[in-house]
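Trainee: Could you take me through this structure slowly, setting each word that you use against its definition?

Mentor: Gladly; look at the sequence and the structure first, and then we shall begin with a single residue.

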Amino acid sequence: MSDNQKLTDVIMPQLAESLVSATIGKWLKKPGDPVEQYEPLCELITDKVNAELPSTIDGIMGELLAEEGQVVNVGEVICRIAVPVTTSAAPNVTNTVAANSSNTNAGQNATSTANDSMRARYSPAVQTLAAEHNIDLTLVMGTGMGGRITRKDVLAFIESGGATSPASISASQPAPVVSQPPVPRFVQAEKKKTEEPLRHSGLHLSESPRIPTIEVEGGRGSSSEYLIDVTPIRNTIATRMRQSVSEIPHAWTMIEVDVTNLVALRNKHKDEFKRKEGINLTYLAFMMKAVVSAIKDYPIMNSVWAVDKIIVKRDINISLAVGTEDSVITPVIKKADQKNVAGLAREIDELAQKTREGKLSLEDLQGGTFTVNNTGSFGSILSYPIINYPQAAILTFESIVKRPVVINDMIGVRSMANICLSLDHRILDGVICGRFLQRVKDNIEGYTPDTKLY
């Protein structure tokens, strides 16, 4: 470090009130790289969401004090950035940064065509700047690592007169406070929608599964085994599931529901809803509305165990279990009881989309009080879900199938579905849960072709 520079410590921030540590997922800057304010330094992995840590100053990246994969406590120093000491020294530092940036950009431009793995990864600062100037980021040439677009790239695009009209960026995504990169350590290029058709076996399955990184176990003279690395997010899931099963005495119950009228209602409105809202009208929105209404009648379902007391939550915040090919995440629909069917459909679509694209914020994942999972979306007819700790219950909707049913001593073909409920037996008993499920059943079977969506 030169005499006209000083090292500024970068500490691990507290991303959420309940978080005390985070894992360094991947360093986006290396020692000697120029750093601009708001430019991301590294990816942080937590048990709630993944985030990028932006720089608060301009300078040159110094020593990295934490390695990729290392768990760092809040407040600990993870790296240092060299910054100018005085204003008079600023021009020299600026020139150095510019020179280094130029050399770096030249090297990156040479390889950008070969590696654009981070081309579709936008930092909050880049997205905010693009939104302010109506920039379509797909038209901007990225000079950062892996083809990533930096603030300097956007500013250069603006200076060249490349700003677009608001109409042309209507499909652009808003700038989240915290972005959630795909997990684990590897970042995939965003696939164009025209490359392959979407998979329709469920809300959350939108692309072909990625092949996990494996290491063939050697030294045994056999290829019958291979190893898969346990990623931080998979390790977090394992910890949470073990905690739920070991601390919560699970009980399970199921009820059968006739959804024939619901099928007719959805078929009546789905095409018009698609034209009007631009999203699919799924069965899940109707079923979630039925659950929320039942929770209002039985508020004890919306509670948590607190050793010497039971805490009943006033707000009904539904955690929606959304699975990707390598993890399960539970974004939250806040105050779901204040939303109609159309509003719930929009929230479900938005959260599923943000989960698939890795753009969930911490706010999207906090405050859940009851979890709903649409296991029927991939063909399941019966499941025993594990409670989303520390909530009191989790409910799954199974696949809708046509079955012969006895009605008034006559056999008819009806659309039927199972609803499964896992409950915390410290808080809930069979009687209250039976009544709750019966109310959910009554609400679902009470839908008619005249039921309003708005």
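Mentor: Gly75 lies in the loop between strand E7 (71-73) and E8, where helices (H or I, at least four residues) and strands (E, at least two) are DSSP runs, numbered from the N terminus. Please keep in mind that this is a predicted model, in which local features need pLDDT of at least 70 and side-chain atom pairs count only at pLDDT 80 or more, while totals for chains, interfaces and linings use all residues. Residues are numbered from 1 along each chain as its sequence is written, and side-chain values use heavy atoms, with hydrogens and water left out.

Trainee: Why is Gly75 called partly exposed?

Mentor: Buried means under 20% relative accessible area, exposed means over 50%, and partly exposed is in between (1.4 Å probe, protein chains only). Gly75 has a relative accessible area of 42%, so it is called partly exposed.

Trainee: What does Gly75 touch, not counting residues up to four places away in sequence?

Mentor: With that exclusion, Gly75 touches Ile11 and Met12, where contact means heavy atoms within 4.5 Å. Gly75 and Ile11 are 64 residues apart in sequence, yet their C-alpha atoms are 5.3 Å apart in space.

Trainee: How do you know that strand E1 and strand E8 pair?

Mentor: Two strands pair if DSSP finds at least two bridges between them. Strand E1 (residues 5-11) and strand E8 (residues 77-84) are joined by 7 bridges and run antiparallel. Leu7 stands opposite Ala82 in E8, and the bridge partner of Val10 in E8 is Cys79.

Trainee: What makes E6 a partner of E8?

Mentor: Strand E6 (residues 59-64) and E8 are paired in the antiparallel sense over 3 bridges, and here Met61 stands opposite Ile81 in E8. The open sheet has 4 strands in the order E1-E8-E6-E3, with antiparallel pairing.

Trainee: Why do E1 and E3 stand at the edges?

Mentor: E1 and strand E3 (34-35) each have a single partner strand, so one side of each is left without a neighbour in the sheet.

Trainee: What makes strand E5 mostly covered?

Mentor: In strand E5 (residues 50-54), 4 of its 5 residues are buried. Strand E5 also pairs with strand E4 (residues 40-45) in the antiparallel sense over 5 bridges, with Glu43 opposite Glu52 in E5.

Trainee: How do you know that the span of helix H7 is close to the expected one?

Mentor: The expected span of a helix is 1.5 Å times one less than its number of residues. Helix H7 (residues 341-357) has 17 residues and reaches 24 Å from its first C-alpha to its last, close to the 24 Å expected.

Trainee: What caps the N-terminal end of H7?

Mentor: Asn340 is the cap, with a side-chain oxygen 3.3 Å from the backbone nitrogen of Ala342. Just after H7, Gly358 takes a positive phi of about 70 degrees.

Trainee: Why is Thr355 called buried?

Mentor: Thr355 is found in helix H7, and because its relative accessible area is 5%, Thr355 is called buried. Not counting residues up to four places away in sequence, Thr355 touches Val322, Thr324, Ile329, Pro331 and Leu360. The side chain of Thr355 also reaches the backbone oxygen of Leu351 at 2.7 Å.

Trainee: Which parts of the chain do the buried residues of H7 pack against?

Mentor: Those residues, including Leu344, Ile348 and Leu351, pack against several elements, among them helix H5 (260-277) and helix H6 (283-297).

Trainee: What makes a group of residues a nonpolar core?

Mentor: A nonpolar core is a set of buried Ala, Val, Leu, Ile, Met, Phe, Trp, Tyr and Cys residues joined through side-chain atoms within 4.5 Å. The largest such core has 56 residues, and those with the most contacts inside it are Met288, Phe370, Leu421, Phe436 and Ile444. H6 gives the most to this core, with 10 residues. A second, separate core of 17 residues includes Ala22, Met61, Val72 and Val83.

Trainee: How many residues does the protein chain have, and what percentage of them is buried?

Mentor: The protein chain has 454 residues, and buried residues make up 44% of them.

Terms used
A polar contact is a pair of N or O atoms within 3.5 Å; within protein, one must be able to donate a hydrogen and the other to accept it, and residues adjacent in sequence count only if both atoms are side-chain atoms.
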